[in-house]
Amino acid sequence: MKPAILFVCLGNICRSPLAEAALRARVSAMGQDWKINSAGTADWHRGKAPDRRAQATALRHGIDISAYRARQVQVSDFTRFTHIFALDQQNLRDLRALRPVGAGAHLALLLDMVPDMAGEAVADPYYGDDAGFEITWSEVDRAAAAIVAQLARFPT
Ligand code: 4NP
């Protein structure tokens with residue numbers, strides 16, 4: 001089955017849109033078309049574009065995320081996606097509480113995909129400076145590379 005990947009953070013304006021952008025870029029570079037999206041556990045920023053610092057960070061890496069719009073994660077996401085990745089442990093706890101019994105999606109902490117970062121959170125750059133967003137980018141891009149390596153079916 002074709003992967004369908006959802007990234008979830010708190011507000012869906014900083015970390016998870018960057019994870020979405022990083023994976024979209026890597027999947028399209030492979031010539032593949034997966035369902036890729038992001039959401040927040042909170043609904044505070046519903047309908048808003050990503051934080052301008054996240055937009056600037058993505059643009060520095062050649063990706064325009066100005067058209068992304070924040071949304072809150074929904075129970076139906078657990079059947080619409082094959083994999084749901086939480087950006088930090090609190091997001092993971094909130095998703096576990098929301099997950100319906102018998103839901104299909106595989107639910108995990110995002111950095112568990114990166115062997116030397118297993119168990120770590122993608123730090124929330126919201127209250128920091130621009131440099132924090134660049135660290136966020138490097139972490140979510142490493143995770144995106146790991147997701148592609150694990151889930152893509154390369155012709156041999
Ligand atoms: P995100 O960052 O979860 O990576 O989108 C945050 C965005 C907004 C807030 C906190 C974190 N906030 O408190 O509004």
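Reader: Is Asn 12 buried or exposed?
Author: In this predicted model, Asn 12 counts as buried, because its relative accessibility is 2% and anything under 20% falls in that class.

Reader: And where does Asn 12 lie?
Author: Asn 12 lies in the loop between E1 and H1, where E1 is the strand of residues 4-9 and H1 is the helix of residues 15-29.

Reader: What about the phi of Asn 12?
Author: The phi angle of Asn 12 is near 60 degrees, which is a positive value in a residue other than glycine.

Reader: How do E1 and E2 pair, and over how many bridges?
Author: Strand E1 and strand E2 pair in the parallel sense, and the pairing extends over six bridges.

Reader: What holds paired strands together in general?
Author: Strands of a sheet pair through backbone hydrogen bonds, and the pairing can be either parallel or antiparallel.

Reader: Back to this sheet, then: what order do the strands have?
Author: The sheet is an open one of four strands, in the order E2-E1-E3-E4 and with parallel pairing. Its edge strands are E2 and E4, the latter covering residues 106-109, and each of these two pairs on one side only. Direction ignored, neighbouring strands of the sheet are turned against each other by 20 degrees on average.

Reader: Changing topic, where is the place of Ala 42?
Author: Ala 42 sits in the loop that connects strand E2, residues 35-40, with helix H2, residues 52-60.

Reader: Buried or exposed, that Ala 42?
Author: Ala 42 is buried, since its relative accessible area is 10%, and the cut-off for buried is under 20%.

Reader: Which residues is Ala 42 in contact with, leaving aside its neighbours in sequence?
Author: With neighbours within four places in sequence left aside, Ala 42 is in contact with Leu 10 and Gln 72. As for Arg 71, it is 29 residues away from Ala 42 in sequence, while the two are 8.4 Å apart in space, C-alpha to C-alpha.

Notes
Residues are numbered from 1 along each chain as its sequence is written. This is a predicted model: local features need pLDDT of at least 70, side-chain atom pairs count only at pLDDT 80 or more; totals for chains, interfaces and linings use all residues. Side-chain values use heavy atoms; hydrogens and water are left out. Buried means under 20% relative accessible area, exposed over 50%, partly exposed in between (1.4 Å probe, protein chains only). Contact means heavy atoms within 4.5 Å. Two strands pair if DSSP finds at least two bridges between them. Axes are lines fitted to C-alpha atoms, for helices over the stretch in contact, and angles run from 0 to 180 degrees between N-to-C directions.
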